[in-house]
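Welcome! Please take a look at the structure below, and then we can walk through it together.

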2 protein chains.
Amino acid sequence: MLRTTTCGALTIENLGENVTLCGWVQKSRDLGGMTFIDIRDRYGITQLVFNMDDNIELCEAARNLGREFVIKASGAVVERSNKNLKMPTGEVEIKITALEILNAAKLPPFLIEDETDGGDDLRMKYRYLDLRRNPVRNNMIIRHKIAQAVRRYLDGLDFIEVETPVLIKSTPEGARDFVVPSRMNAGEFYALPQSPQTFKQLLMVSGFDRYFQIVKCFRDEDLRADRQPEFTQIDCEMSFIEQEDILNTFEGLIRTLFKEIKGFDLPEVPRMQYADAMRLYGSDKPDTRFEMQFVELNDIVKGKDFPVFDNAELVIGINAKGCANYTRKQVDELTDFIKRPQIGATGLIYLRHNEDGSLKSSVDKFYNEEELKRWSTALNTQPGDLALLMAGNTEKVRKQLSELRLEMGNRLGLRDKQTFSALWVLDFPLLEWDEESERYHAMHHPFTSPKPEDIALLDTKPGEVRANAYDMVINGTEVGGGSIRIHDRALQALMFKHLGFSAEEAQKQFGFLMDAFEFGAPPHGGIAFGFDRLCSIFAGLDSIRDVIAFPKNNSGRDVMIDSPSTIDEKQLNELKIKTTV
Amino acid sequence: MLRTTTCGALTIENLGENVTLCGWVQKSRDLGGMTFIDIRDRYGITQLVFNMDDNIELCEAARNLGREFVIKASGAVVERSNKNLKMPTGEVEIKITALEILNAAKLPPFLIEDETDGGDDLRMKYRYLDLRRNPVRNNMIIRHKIAQAVRRYLDGLDFIEVETPVLIKSTPEGARDFVVPSRMNAGEFYALPQSPQTFKQLLMVSGFDRYFQIVKCFRDEDLRADRQPEFTQIDCEMSFIEQEDILNTFEGLIRTLFKEIKGFDLPEVPRMQYADAMRLYGSDKPDTRFEMQFVELNDIVKGKDFPVFDNAELVIGINAKGCANYTRKQVDELTDFIKRPQIGATGLIYLRHNEDGSLKSSVDKFYNEEELKRWSTALNTQPGDLALLMAGNTEKVRKQLSELRLEMGNRLGLRDKQTFSALWVLDFPLLEWDEESERYHAMHHPFTSPKPEDIALLDTKPGEVRANAYDMVINGTEVGGGSIRIHDRALQALMFKHLGFSAEEAQKQFGFLMDAFEFGAPPHGGIAFGFDRLCSIFAGLDSIRDVIAFPKNNSGRDVMIDSPSTIDEKQLNELKIKTTV
């Protein structure tokens with residue numbers, strides 16, 4: 001090794017030792033006849049000291065070093081006169097007797113420090129420099145630790161990691177598949193998997209019993225803050241289990257991760273029906289770091305000639321505790337917030353529970369004191385609280401109030417990134433109506449089993465059939481989801497029929513799986529966690545981009561490297577394709 | 001869980017317990033009024049017993065079970081009268097009181113047993129059934145265990161696993177790249193990586209210090225027994241190291257794997273110069289499970305008017321110990337072997353060292369007894385040995401004799417799959433001449449550093465420049481290879497120039513890396529292991545196909561699923577490409 005130790009290792013225990021360090025020049029300062037240089041590597045920072053009186057040439061050389069030069073320096077560990085107890089190495093410095101420049105460096109385009117002066121675009125363009133910064137590198141270390149802990153946990157429970165193919169067959173949901181022209185079979189294409197779903201089910205048919213994989217998946221969609229064209233899943237499947245076993249096994253995984261990575265004892269994860277989550281939070285991924293549940297007010301507010309409420313399918317409210325002192329301007333801000341096009345509400349009604357106990361509403365002329373008291377009771381307001389009410393179509397108004405609830409959570413500081421609240425959401429609908437294609441789609445995927453007691457509803461009320469499907473939500477983010485699968489050919493065929501496939505189409509696309517079900521498929525189910533999202537939660541980040549070493553930018557290009565790129569005519573000819581731009 | 005324990009767990013310790021097992025019907029036999037069923041899962045096989053006298057209905061149900069039916073069976077653990085001590089569960093059986101069919105099964109197309117009657121094609125078509133067989137499933141378990149052990153070892157040495165992108169930019173070696181049309185950037189293409197080489201070097205520039213990844217890579221080439229279009233690498237890189245550190249670190253990895261997976265103490269791995277490997281074995285990946293080194297005979301055999309030897313650039317021989325009793329027919333077989341078109345030799349000369357001490361050669365008329373004695377001495381033959389000599393152009397004859405040496409190793413049983421011999425091959429040439437393109441190519445890749453003392457030869461004798469490059473060879477298979485990289489912009493630019501790139505081309509293709517070198521790149525180097533090959537060696541297999549759960553067949557199609565497949569017009573339009581078949 002070029003070094004004898006790292007820049008994070010030396011303490012007062014090492015006094016007198018002769019050491020050699022390698023690393024980057026973090027900063028340098030001259031003080032009288034002395035020069036101090038902080039040398040940095042992944043493990044820490046150590047102070048090097050040079051003295052004009054001891055060795056002019058060496059000290060001059062040190063004074064000529066620029067930021068981010070890569071150096072190798074040797075000397076004796078001595079005690080610092082001016083100790084920095086905040087740093088693990090802050091009690092010592094190295095009295096340098098030999099210095100070598102391993103590589104020079106141009107001045108970096110932004111400061112390589114915890115707080116940088118580099119804007120987002122610059123940081124991304126020079127991602128390899130951004131990754132030198134502690135906060136960004138630490139995200140990658142957290143990611144590594146989570147992956148290791150996941151594997152340890154699952155290996156300990158007899159799960160086997162099996163690699164499934166990346167070059168697969170395109171499927172009917174393939175509109176979002178990336179495709180790969182095949183050279184050997186000109187005119188044909190592989191697809192990149194959106195998930196290893198069918199392969200892991202085949203592994204269950206093969207008797208693998210417990211499978212997992214931390215695996216790249218691909219989806220050719222527009223990018224968002226929390227979506228990349230390539231993403232990583234923790235993909236898991238078990239045989240001979242029921243839903244309860246999956247929930248227990250993977251609640252155990254998440255609690256283990258919180259314990260090992262954050263030193264945090266996550267309490268038992270509460271469970272909520274999908275229908276209740278929609279009713280109480282207007283969302284299938286409620287942020288349960290704070291309460292502020294919806295209160296349904298139809299019975300109380302209707303029939304008082306206030307047309308907005310009378311004409312609404314649903315009137316709901318939340319209690320923003322301690323917000324009675326909101327100014328007119330603040331309330332207007334909230335109204336503007338919900339009127340944004342992406343939320344699309346038309347208005348907001350408030351009930352102010354003043355400190356003196358009096359009640360004031362924005363619709364006073366329709367509701368008297370007595371009636372407002374009934375609002376207050378239903379919404380459980382106390383003096384000092386501000387209730388916020390919205391009305392409209394059930395599905396829409398729930399979504400809108402859900403957005404307002406999250407906004408109030410932000411304003412009230414109830415969504416701290418170092419607080420963690422997990423939730424199981426259970427019993428999702430099996431099917432959801434798609435307006436565009438005018439047919440039902442599988443809410444989870446077509447391999448999800450319906451609840452046996454609801455199968456009879458498939459023909460009559462398909463939208464009411466519940467699935468054996470479950471999501472894990474942490475802090476309002478869906479981090480994982482799964483289901484008990486269909487393992488019976490006839491039921492799988494019925495399911496495809498309800499999704500609008502002809503028998504021929506179903507056989508053509510998924511025959512390989514349905515055929516496999518005829519050779520002894522065990523009952524099985526599983527779950528997949530969004531690894532990027534999970535890591536971003538553990539790292540306390542809003543976006544997944546900073547838990548990915550080399551993310552794509554918003555136009556799907558590598559942050560540094562100009563990809564995608566054109567390929568040449570010769571190669572296109574070999575692939576028997578051509579571009580039609 | 002549907003079961004209380006697995007089919008591999010019950011022993012005499014569990015007598016009297018009431019248990020429930022789930023699994024597949026392995027076999028069934030009726031014996032008087034009794035029916036015995038072997039139930040199988042991933043963990044083992046347990047015998048179930050049913051008795052007509054106890055419960056006719058249940059016993060009849062058992063008699064109706066077919067092979068591979070999935071069942072759930074409950075009963076008490078009892079001692080077997082007829083014990084099978086070869087099985088862990090062979091002392092007990094379960095006296096069944098409840099039986100449920102979880103799924104029926106059609107008769108499988110081949111026997112689900114260690115030795116199957118299924119041919120290769122049938123096994124592949126029904127891979128999900130083939131994977132139920134112990135030997136195939138055990139390969140996947142070995143693979144899982146190796147992956148876990150690799151991660152444990154490297155994590156213990158502060159290596160961080162970082163995921164690098166799969167959708168990247170196409171590069172000039174891109175002839176073998178798979179390409180992926182981009183929807184967002186119509187007319188442009190991503191490429192799938194042949195290795196994460198440049199990304200891991202950027203991570204070193206970022207100060208990650210020690211990186212690894214077990215990662216899928218892609219190469220669009222014709223398939224062979226040991227090559228798949230998608231393959232897995234253990235990819236590693238370290239900073240502030242010299243070649244010696246890489247060799248030690250990864251020799252440690254391989255020895256750890258042998259210890260943990262095979263219980264085998266691999267001895268210290270010997271090292272050999274590339275030039276010596278070529279001289280002694282005619283190969284840069286010699287199988288060192290056996291000696292049979294080449295002996296160069298020019299000095300001894302030339303000048304005796306035997307034109308084949310006189311005209312040859314090189315005459316070499318090996319000593320096949322104990323083969324003096326080879327018949328004429330056997331020697332002819334060897335001659336036919338080396339005359340095959342894929343080997344292409346023209347003839348074979350032998351020297352038979354008879355048991356009585358006399359020497360006999362196929363070219364007696366050119367060489368007298370005295371001269372043959374000198375051959376014998378050089379080749380170190382003893383009575384009973386057979387030396388085999390070949391002559392020709394140095395490069396060709398070495399390759400040819402290398403094939404013959406391996407063939408003799410096979411014939412003499414010297415290549416046992418449960419014997420392991422590892423070797424480091426060092427100091428590869430930096431460049432190799434490519435006849436087709438009439439220029440030098442990088443033997444390893446363009447980022448490999450030349451030996452400093454050889455840089456001066458780049459202009460005069462480029463073919464003689466040695467690289468800081470090394471391979472690990474096990475049992476004649478190259479399992480890993482790597483190099484100390486260039487970390488200096490000027491040297492990297494010089495390298496590209498020698499590879500025939502213009503400065504503009506080099507900047508266009510690899511500017512992102514060369515630019516990064518200017519911001520403080522540390523000295524670094526690494527290695528990549530072919531994970532599939534490594535697993536096949538540990539599993540004692542010739543082909544990598546059986547360490548891959550779902551391999552491609554020889555036409556690049558998924559073994560079961562008809563992939564690649566055509567995609568529809570609409571999708572092609574969206575991607576702005578069309579096929580030209």
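## Where two strands meet

Three bridges join strand β23 (residues 577-579) of chain A to strand β23 (residues 577-579) of chain B, and these two strands run antiparallel. Within this pairing, I577(A) stands opposite T579(B). Two strands count as paired if DSSP finds at least two bridges between them. Helices (H or I, at least four residues) and strands (E, at least two) are DSSP runs, numbered from the N terminus.

A word on the model itself: it is predicted, so local features need pLDDT of at least 70 and side-chain atom pairs count only at pLDDT 80 or more, while totals for chains, interfaces and linings use all residues. Residues are numbered from 1 along each chain as its sequence is written, chains are lettered from A and ligands numbered from 1 in the order in which they are written, and side-chain values use heavy atoms, with hydrogens and water left out.

The size of an interface is often given as the accessible area lost when the parts come together. Here, the area buried between chain B and chain A (accessible area, 1.4 Å probe, that the two parts lose on being put together, summed over both) is about 11000 Å², and carbon and sulfur atoms give 60% of that. Chain B brings 124 residues to the contact and chain A brings 125 residues, where contact means heavy atoms within 4.5 Å.

Twelve salt bridges are counted between chain B and chain A; a salt bridge is a side-chain nitrogen of Lys or Arg within 4 Å of a carboxyl oxygen of Asp or Glu. One of them brings together the side chains of R557(A) and E188(B), at 3.1 Å from N to O. On the side of chain B that touches chain A, helix α4 (residues 134-156) of chain B gives the largest share, eight residues.

## A barrel in chain B

Five strands of chain B close into a barrel with mixed pairing, in the order β1-β2-β3-β5-β4. Neighbouring strands of this sheet are turned by 55° against each other on average, direction ignored. Strand β4 (residues 70-79) and strand β5 (residues 92-103) of chain B run antiparallel and are joined by ten bridges, with V77(B) opposite I94(B).

## An open sheet and its helix

Chain B also has an open sheet of eight strands, again with mixed pairing, in the order β6-β9-β10-β22-β21-β20-β17-β11. Which strands lie at the edges? They are β6 (160-161) and β11 (271-273) of chain B, each pairing on one side only. Further in, seven bridges link strand β10 (residues 230-239) to strand β22 (residues 524-530) of chain B, and the two run antiparallel. In β22(B), I527(B) is the bridge partner of C236(B).

Helix α6 (residues 243-262) of chain B lies across several strands of chain B, including β10, β11 and β22. This helix runs at about 15° to β20(B); axes are lines fitted to C-alpha atoms, for helices over the stretch in contact, and angles run from 0 to 180 degrees between N-to-C directions.

## Salt bridges overall

Over all chains, the count comes to 108 salt bridges. Among them is the pair D120(A) and R545(A), whose side chains meet at 2.3 Å, N to O. This pair links distant parts of the chain, 425 residues apart: D120(A) is in helix α2 (residues 120-125) of chain A, and R545(A) is in the loop between α16 (531-538) and α17 (569-575) of chain A.
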